[in-house]
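I am opening a notebook page on one protein chain, to record what I looked up and how each term was defined.

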Amino acid sequence: MNINNEVIRNLRDLVDADMTEAEFLQSVESNMIPMQQFFTYYKCAIMEIETKFRVLNEQFSLKGESNPIEFIQSRIKSYSSIYRKIMTKHIPRNMEAIERDINDIAGIRVVCSFVQDIYRLADCFLRQDDITLIEKKDYIQNPKPNGYRSLHLIVAVPIFLENEKRLVKAEVQLRTIAMDFWASLEHKLRYKKDLPPFKLDLLTDDLKKCADQSAEWDSRMQDIKNILESD
């Protein structure tokens, strides 16, 4: 079997350090099909959820309203990210435990123009009878200490396979353009290596101020929109 080099690089943290190369390749070969199938479930869940939001976006357009969604992005957690979460949360190293205990292997980010659009879209999405809400965290009303803002929904969505229906969990994040811009820059800056402590403190303070200013900008833009729509 021809093993893709990228797959090998992603999988290397999931095996015992004492494995020989031959044992490693044999382990990858024996686990490749079930692992591919496992991640396919999450890809299907992403497609289902993205479609639901795109349909809602089109519906608002048909009603003569502006499209609330600016763009949608999605991702599947990498092998290394899953491994780090396994170690942090002390999750058993098997597919059943990973599926049960990790809720954000599939991630969908829905970026909206205005804050009110976020709550309206989330409400429409959660009212659909095949969506099960597992957990909701509102970091817009209750921002994280560093200033991070977003609405997080952990949901289960059914995917329909050849001979079965499966419920697959995914994390949906809804945020405005300003929130998304801030979060992307914060991630890039936060994880720069070798920052001395005093620079890290300055960075943390500046990022919090930027987050507060972005929230104020979102609020003012929402007010302008409301005024225009009331005339």
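**Entry 1, ground rules.** I noted that this is a predicted model, in which local features need pLDDT of at least 70 and side-chain atom pairs count only at pLDDT 80 or more, while totals for chains, interfaces and linings use all residues. Residues are numbered from 1 along each chain as its sequence is written, and side-chain values use heavy atoms, with hydrogens and water left out.

I looked up the secondary structure and found seven helices and five strands, where helices (H or I, at least four residues) and strands (E, at least two) are DSSP runs numbered from the N terminus. Read along the sequence, the pattern is α-α-β-α-α-β-α-β-β-β-α-α. Of the 231 residues, 40% are buried, meaning under 20% relative accessible area with a 1.4 Å probe and protein chains only.

I then turned to the open space, a pocket being an open set of points on a 1 Å grid over the protein atoms alone, with protein on both sides within 12 Å along at least five of seven lines, and lining residues having an atom within 4 Å of a point. The largest pocket has a volume of about 1300 Å³, a volume being the space filled by probe spheres set on the points, which are joined across faces, edges and corners. Its lining has 35 residues, and Arg75, Lys77, Glu171, Gln173 and His187 lie nearest the centre. The largest share of that lining, five residues, comes from α6.

I counted one cavity of 30 Å³ or more, a cavity being a set of grid points where a 1.4 Å probe fits but cannot get out. The largest cavity has a volume of about 50 Å³, and its lining includes Tyr148, Met179 and Trp182. Two or more lining residues come from each of α6 and α7 (197-230).

Which side chain of opposite charge is nearest to aspartate 117? I found lysine 225, 4.6 Å away, and aspartate 117 is buried yet has no salt bridge, a term that asks for a side-chain nitrogen of Lys or Arg within 4 Å of a carboxyl oxygen of Asp or Glu. Aspartate 117 lies in helix α5 (residues 115-126).

In α3, the buried residues include Tyr79, Ile82 and Ile86. Just after α3, I noted that histidine 90 takes a positive phi of about 55 degrees.

Definitions and conventions. Buried < 20%, exposed > 50% of the residue type's maximum accessible area, 1.4 Å probe, protein only. Lys, Arg positive; Asp, Glu negative; His and termini not counted.
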